[in-house]
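Open the model in your viewer and get ready to select residues by number. Each stop below names what to pick and what to look for.

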Amino acid sequence: MTDLVLPAWHNGNFCQTSDLKVNALDLGIMHGEGLYDVFTVKQSRVLGLHYHLERFFAGIEYQQLPISLDKDQIIDVVAELYRASNLTDCQICMIVTRGVPQTYIIRDILTTVPEFMIFPVPYRMLNGGTPLNLCISQQVRRIPDWAVDQRHKNFARQDFNRAAIECHQLGFHRPLLLDEHGYVTEGPQFNVAIIKNGKVRSPAKNRLSGVTMKILAELCSENNIEFEFADITVEKLMDADDAFATCTLGGIVNIAKVDQQLYQESETQKKLKDLYAQAWQLDRYTQRI
């Protein structure tokens, strides 16, 4: 797979992924300043593309990282990259870094010109599509929204990375982080939800504005399944009938265990998976590129 040649786009020019480079003086490296977004293309269709682009541009505005393309131009670039990749299913990655200060003084943030890259990678499911064994991190809390707005995919991932080390040392697949008040937030690469008595709940804040979870909430509304974004305590998580993760990398993924609490896939989760699969074929949710 390391020999796979894939097309890319960087600051106005088409190239190959092997050509993509970031200067060591880029504040994306020096300060972890940047954002990204990822969406899946399956057989020329993208689920929730307008939501991904809305989130991406909201993050650009929030971090003040001006780019050279508008939404329609990004779609044109993505379509060309997808066709050139010869991949039936893939993920499209968009990355913006702060750039190098023109003065080469790292405090001169406003003199930078952001680096913008778009490229496809082969499709990979979260945890290979197998049920997740999660542990609640006891060493790390999620960076609060008042410090870094977690609704956008940003480079501030030290909390996830530290928690991932803790998690792997304990023999779990992924960590699940609590916020400063002890409420459930999310894990690296995925939102979470619980099911109790057929009702679906997902954390209300301190988490990525996940497109898959957003679409799932809409599907629930259309199909008379109660869904709510709400604060979820550890006690409610452990008392749930079922739990699952949502992610662009696989849609809805079972959570088999959190710490020592086991979960069984419920009829509600099975229905949600069916609805999600159907959404890929509906024009109101997908866009052909």
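A definition comes before the first stop: buried means under 20% relative accessible area, exposed means over 50%, and partly exposed falls in between. Keep in mind that this is a predicted model.

**Stop 1: Gly198.** Select Gly198, in the loop between β9 (191-196) and β10 (199-203). Is Gly198 buried, exposed or partly exposed? Its relative accessibility is 31%, so Gly198 counts as partly exposed. Now show its contacts. Leaving out residues up to four places away in sequence, Gly198 touches Ile225 and Thr268. Gly198 and Ala156 are 42 residues apart in sequence, and their C-alpha atoms are 35 Å apart in space.

**Stop 2: the largest pocket.** This pocket has a volume of about 250 Å³. It is lined by 18 residues, and those closest to its centre are Lys153, Gln189, Cys247, Thr248 and Leu249. Select these five. Next, colour β3 (34-42), α5 (211-222) and β12 (242-247), which each supply at least two lining residues. Which element gives the most to the lining? It is α5, with three residues. By class, the lining has eight nonpolar, seven polar and three charged residues.

**Stop 3: the second largest pocket.** Here the space is about 220 Å³. Select Lys42, Tyr276, Ala277, Trp280 and Gln281, the closest to the centre among the 13 lining residues. Two or more lining residues come from each of β13 (251-258) and α7 (267-279). The largest share, three residues, belongs to α7. The lining divides into four nonpolar, four polar and five charged residues. Stay with Lys42 and Trp280: Lys42 lies over the face of Trp280, 5.1 Å from the ring centre.

**Stop 4: the rings.** The whole structure holds five aromatic pairs. Select Tyr36 and Phe155. Their ring centres are 6.4 Å apart and their planes meet at 40 degrees, so the pair is tilted. The pair links distant parts of the chain. Tyr36 is in strand β3, while Phe155 is in the loop between β7 (132-141) and α4 (158-170), 119 residues apart. Tyr36 is buried, at 18% relative accessible area. Phe155 is partly exposed, at 24%.

Now select Trp9, Phe56, Phe57 and Phe116. Ring pairs link these four into a cluster.

**Last stop: Lys214 and Tyr51.** Show both side chains. The charged end of Lys214 sits over the ring of Tyr51, 5.0 Å from the ring's centre.

Key. Residues are numbered from 1 along each chain as its sequence is written. This is a predicted model: local features need pLDDT of at least 70, side-chain atom pairs count only at pLDDT 80 or more; totals for chains, interfaces and linings use all residues. Side-chain values use heavy atoms; hydrogens and water are left out. Helices (H or I, at least four residues) and strands (E, at least two) are DSSP runs, numbered from the N terminus. Buried means under 20% relative accessible area, exposed over 50%, partly exposed in between (1.4 Å probe, protein chains only). Contact means heavy atoms within 4.5 Å. On a 1 Å grid over the protein atoms alone, a cavity is a set of points where a 1.4 Å probe fits but cannot get out, and a pocket is an open set with protein on both sides within 12 Å along at least five of seven lines; lining residues have an atom within 4 Å of a point. Grid points are joined across faces, edges and corners, and a volume is the space filled by probe spheres set on the points. Ala, Val, Leu, Ile, Met, Phe, Trp, Tyr, Cys and Pro count as nonpolar, Asp, Glu, Lys and Arg as charged, and the others, Gly among them, as polar. Rings of Phe, Tyr and Trp (its six-membered ring) pair if their centres lie within 6.5 Å; planes under 30 degrees apart count as stacked, over 60 as edge-to-face and the rest as tilted. A charge sits over a ring if NZ of Lys or CZ of Arg is within 6 Å of the ring centre and within 35 degrees of the ring normal.
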